[in-house]
Amino acid sequence: MQHMPATVEEQLILKAIREECPWENLPKRLQATLNAKEEWHRRIIDHCIKKRLQWNTCFARKVCKESEYYEDMMRYLRKNLALFPYHLAEYVCRVMRISPFRYYCDMIFEVMKSEQPYDSIPNFSAADALRLTGIGRNEFIDIMNKCRSKKIMWKLNKSIAKELLPTQPVDFPIEPWWGVCLVNFTLEEFKKLSEEETATIDKICKEEANAFVLFDSDIIKGLYQRGLIYFDVPVYPDDRFKVSRLEGFVSNKEQSYEDPIEELLYAVFVVSNGNSTVAELAATLQADLSQLQAAASFACRLGWAEKVIDPTSALHDTKLPASHRVSLTDEDDSAFNNMGSANISTDSDATQQGDFSGTENYGSRSNDFRVAFVVDANITSYLMMGSVSPGLKSHAVKLYEAGKLGHDSIADLCKDLDTLEGTKFEGELQEFANHIFSLRCVLECLLSGGVAANARVMEICDKTGRLALNSKDFMSLVADISLTDSSEQSGTNEAGEDVMPQKASLLAEPVAEPAGDETAFESSLNDQNDEKMIPIEGSDTGKGPLIRKKKYQVDILRCESLAALPKATLDRLFLHDYEIVVSMVPIPHSAVLPGLTGPIHFGPPSHLSMTPWMKLVLYSTVASGPLSVVLMKGQCLRMLPAPLAGCEKALIWSWDGSTIGGLGGKLEGNLVKGSILLHCLNSLLKHSALIVQPLSRYDLDESGRIVTMDIPLPLKNSDGYVGRIGSELGLCLAESAKLNYLLADLANKIELWTVGYIRLLRLFKERESDHFALDEENYEWVPLSVEFGMPLFSPKLCNNICKRVVSSKLLQEDSLTLQHDSMQSIHKRLREVCAEYQATGPAAKLLYQKEQSMDSSHHFMNYASRRWNPLVDPSSPISGALSDHQRLKIASRNRCRTEVLSFDGSILRSYAQTPVYEAASRPIEDAPASSTMKVDLEETDSRDIILPGVNLIFDGSELHLFDIGACLQARQPISLIAEAAASTADTSTK
């Protein structure tokens, strides 16, 4: 764990060490701090040891001997139970003769000797010790129980634990490309060698290439068990790796000491992929290349990373270093075939997976659409549940510890998720199962690129015209075609001839001879791309125009791991590796979202959209929504204002998601009884601003709950018309017609060209009559909230969203520009509303300026607000505090262009703003476009919560300022609250 220098002196010392400044050239200030030259040398050695630097390349070479430096380093590593320094093996293993096996045996003995728990060993050290010694958690506990059973003998002699430790390393997988290196032999050891071992050692000394595959594996393993050789895992800047399953990972505590290699491992797990070289990863992470090579080498040792090898370049490329090339003789070739490799990925592996890019696999590929699906840590806990499916555990470990599931693991994950199809769960397990079912649905939708699964797919090549199919996919396609009738088949052939006339015969020949030679067929599929041609939806199969579809590769990323990366590193990762980012719902507010210049994001357009600001934007834009009251943070109410007084129940959301007594933190809001509403508001207003929505008893169902309906996004189909979502949700004809009319109106007023859902709320249509019937005609649906992303908590809603993605062709390249423009429009509107009503906005300044002018006039006022006087200011009474049908009276009042609603303790009034105030508080969109463009260019999305600086009320169609000074406890001036909120905002910004 890296620690930033706490004082200026420490920063200067660190800078002087990096510049290799001798004692004589140090500033007097630092010499006075260090007191002596020996202390300066000690600081240099400690710094180099903590950074795991080689003696011959660091500043320590000028102040101490090589042997002393490495002895101090090994003492430091043993004390902290740190990882074995494999990148320093040339001295530690060859000269000091300290093998990793002996190092970890001594470490485990020290832990047992001090009777510390197994969890005290850091996770990477524990995983490496398990690989070499075979001692894991259960074995450690078993040895400790045997020692404690000896009672007094164990207390007197702790060395009995060493007798129970293994004497030789266990067998572990060795990759063919690992290097074999010799230690410094003694004369006695050399005399004990057999003839075969002597010949092997001579070959190691003479040959330039020392890959493990070139030697007899039994002889090499025998030499290793006797400590006469060690393995080198070479990693070069142009190498490529992909993270595999974290088999053997030990979930112990993280290290408390500083180790740059271990800290890099977590970042490497997140950003690595099979297309980026080690040098490119170092540039993305802004990390030291040598340290990144050491981290990648360690991951390969433990089998957590697979080296992607191009066989042709590895065997024949003369530009590679001699130690990097592998030349196989006839006898060595047979040894290679017999040995195999579990952790090596070659082009042939990629071909079997349908990746026909040849050498293009090692660069950024324009033919692929890289998609990142961002989830939170809760998904890993759902996958980890053994009672759901034991096969998902390895995926959960990798996603939690590495922070990423690569595209290569997604197919296996979907297969494991498929095994749960049709399984029944009860209780809390059903919630876990819902997320798992939704996850599979989303992954399959993303992998298909938002194209229907039953669409007929014909993969072609742009230039060569060759079919981009492996043998299995080809045979399945031929079998599918053979099942169609003859007229449909002829139409398909005709369409195929228009696209690739020379290859029409290829589709017919294998039908009569399906058992052809697959090897010969695969060998003919070279230099192919991954683009596909699919029929446009609505056309006859095989007839009509074909549209081009790219291959979609999906990675799952954990948002907590992304948040641990520096912002600049995360921006480079998104920009370099992904074209599309999809987020789940809900996503933590601490999550880092792609920037404005990053990939297309199907999720929250900004952090502001994850707050109630988005509700205000939605209501004001579509001029529809429930009656809502926004209350500033820091107020204390002595009574409820008119819209809230007398309500049956109310929905409450806190602005920053803070939770007090179980209130305020839920995505769907908290439903509170009207009898305790005042107490709940005062409790929450101490910590956050609130948005409150009062409900009458007619707005609730028989059980006293609200009635909602979730509408999947996007609303429009690919042709630009609103889809028949009512029928898709299974509503009756009349209800479907009403819903479709409402959604068409919403789609015309606000562009929501993204994934997510709109939650509609059913409200009672209030009338000035005491006689009415509670039937469907007396209710209406209004938008309650909009959420961006994939709601994994509801499989049904996820499935509906995926259907809308298919109908709208949302993930196709032509639709991405529309999505970007739509989200930018929402983001701009959010900034405008937030800027107008925050504590430093124009509405707050002018509203409180009005109050100050009233106070300075020294006129006695009988009206509680001390701001509005119905005798002087023009006003219109709306309703009393406890009058019936308040929502109807507020909605049906006479309106002016801009107004302020005020409650004086008994009557709710509407005041028209003066011309000066009206002009100053005019909506921002009326301002010149140049000023708003400047704001958009300069602004950056911040995770800081921006609270409202005024009280607001949404009357069902418009958003207005709301004066509730008469309701405040102790009659505190509202301007003081606004001033405190403004100063808090300025402090957080600084």
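## Two helices that cross: H14 and H16

Let's start with helix H14 (260-271) and helix H16 (289-301), whose axes come within 9 Å and cross at roughly 75 degrees. Here axes are lines fitted to C-alpha atoms, for helices over the stretch in contact, and angles run from 0 to 180 degrees between N-to-C directions. H14 and H16 are therefore roughly perpendicular to each other. Pro260, Ile261, Leu264, Leu265, Val268 and Phe269 of H14 make the contact with Gln291, Leu292, Ala294, Ala295, Phe298 and Ala299 of H16. For the labels, angles under 35 degrees count as roughly parallel, over 145 as roughly antiparallel, 65 to 115 as roughly perpendicular and the rest as oblique. Contact, here and below, means heavy atoms within 4.5 Å.

## What kind of model this is

This is a predicted model, where local features need pLDDT of at least 70 and side-chain atom pairs count only at pLDDT 80 or more, while totals for chains, interfaces and linings use all residues. Residues are numbered from 1 along each chain as its sequence is written, and side-chain values use heavy atoms, with hydrogens and water left out.

The protein has 40 helices and 26 strands. Those are DSSP runs numbered from the N terminus: helices are H or I with at least four residues, strands are E with at least two. Of the 990 residues, 52% are buried. Buried means under 20% relative accessible area, exposed means over 50%, and partly exposed is in between (1.4 Å probe, protein chains only). Take the contacts between residues at least 6 apart in sequence: 73% of them join residues at least 24 apart.

## H7, a mostly covered helix

How many of the eleven residues of H7 are buried? Ten of them are, so H7 counts as mostly covered. The buried residues are Asn123, Phe124, Ser125, Ala126, Ala127, Asp128, Ala129, Arg131, Leu132 and Thr133. Their cover includes helix H6 (100-113) and H13, along with H14 and H16 from the opening section. After H7 comes Gly134, which has a positive phi near 75 degrees.

## H13, buried on one side

Helix H13 spans residues 217-225, and its Ile219, Ile220, Leu223 and Tyr224 are buried. Why do they sit on the same side of H13? They cover an arc of only 135 degrees around the axis, which puts them there. That arc is taken from the directions from the helix axis to the C-beta atoms. As a reminder, an α-helix has 3.6 residues a turn, so residues three or four places apart point the same way.

The cover over the buried residues of H13 includes helix H7 (123-133), strand S1 (179-182), helix H12 (195-206) and strand S2 (229-232). At the start of H13, a side-chain oxygen of Asp216 comes to within 3.0 Å of the backbone nitrogen of Asp218. H13 is followed by Gly227, with a positive phi near 75 degrees.

## H23 and H34 side by side

Now for a pair with another kind of angle. Helix H23 (residues 428-447) and helix H34 (residues 795-808) pack at about 10 degrees, with axes 8 Å apart. H23 and H34 are therefore roughly parallel to each other. On the H23 side, Asn434, Phe437, Ser438, Cys441, Val442 and Cys445 meet Pro795, Cys798, Asn799, Cys802 and Val805 of H34.

In the loop between H23 and strand S8 (458-459) you'll find Gly449, which is buried at a relative accessible area of 1%. Gly449 and Val554 are 105 residues apart in sequence, but 9.9 Å apart in space, C-alpha to C-alpha.

Arg558 belongs to strand S11 (residues 551-558). Is Arg558 buried or exposed? At 10% relative accessibility, Arg558 counts as buried.

## Cysteines

How values were computed:
Polar contact = N/O pair within 3.5 Å; in protein donor to acceptor, adjacent residues only side chain to side chain.
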